[in-house]
Amino acid sequence: MKRIIGAALAAMLAVFMTGCGSTAVGSSSQTSAANQNRANNDPDWLGMGTFTSRELKNAPEDSRVWKGYVEEDGMFFTGESNFGDRRTATSTAELNAKAQIAQNVEQVIADFVKDEREKNGADSSENENFSSGTATAVAKKISGIRRVDRYIAEDGYTHVLMFVSNSDIQKAAKDTSMSAYEKKLMERVFPVSVNSAATVSE
């Protein structure tokens with residue numbers, strides 16, 4: 001029971017930290033956590049919460065939190081579960097991670113809009129309204145979320161590392177009744193490199 005409560009608190013903390021600005025991969029806090037994981041023979045990404053593919057690429061190789069490779073621009077999320085058999089636990093862990101993805105997409109949009117308003121001035125013509133509930137609608141329509149790594153811990157917990165591409169986030173945005181401004185905003189918040197390709201190594 002304590003483990004379940006601890007896991008829930010850790011997930012909430014991960015979302016909170018993401019909302020306050022994600023910690024770049026390779027920062028002292030994430031490097032320290034990755035080193036602790038290595039000392040325990042656990043995957044570097046265990047318990048990391050959220051990080052982007054750009055952060056991963058820009059981090060020194062010895063401080064990267066995942067040794068796999070995804071060429072696309074996007075975000076990584078972690079999830080865990082010990083519910084039922086291994087297959088059920090894996091599915092539940094994936095659902096837990098996907099819940100974080102939805103929350104993070106909403107938070108990233110809100111933070112971006114806030115920064116733009118502060119930069120351009122509250123009354124700037126650049127600051128059109130981002131409709132209430134639109135971010136939630138986008139998050140619900142995201143497809144293409146995939147598992148890129150899985151780890152079964154000695155305590156029986158199943159941990160997963162999930163990935164969603166910026167391209168899939170943009171597709172979800174276009175599938176909503178967003179205004180032209182909102183769709184352009186999504187392209188700025190979740191940019192896609194010209195050479196971005198789907199290359200996944202598990």
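Guide: Contact here means heavy atoms within 4.5 Å. The model is predicted. Start at Val105. Leaving out residues up to four places away in sequence, Val105 touches Met75, Ile142, Ile169 and Phe190. Val105 belongs to the largest nonpolar core, a set of 24 residues. Within that core, Val105, Ile169, Met186 and Phe190 touch the most other members. The largest share comes from α4, with seven residues.

Now turn to helix α5, residues 134-141. Its buried residues are Thr134, Ala135, Val138 and Ala139. They sit on the same side of α5, because they cover an arc of only 140° around the axis. What lies over the buried residues of α5? The cover includes α4 (86-120), α6 (166-174) and α7 (180-189).

There is also a second, separate core, of 15 residues. Ala34, Phe51, Trp66 and Ala153 are among them.

One more residue deserves a look. Val148 lies in strand β4, residues 146-152. Val148 counts as buried because its relative accessibility is 0%. Val148 and Tyr69 are 79 residues apart in sequence. In space, their C-alpha atoms are 9.0 Å apart.

Definitions and conventions:
Residues numbered from 1 in each chain as written. Predicted model: local features only at pLDDT ≥ 70, side-chain atom pairs only at ≥ 80, totals over all residues. Heavy atoms only, no water. Buried < 20%, exposed > 50% of the residue type's maximum accessible area, 1.4 Å probe, protein only. Helix = DSSP H or I, 4+ residues; strand = E, 2+ residues; numbered from the N terminus. Arc of directions from axis to C-beta. Core = buried A, V, L, I, M, F, W, Y, C linked by side-chain atoms within 4.5 Å.
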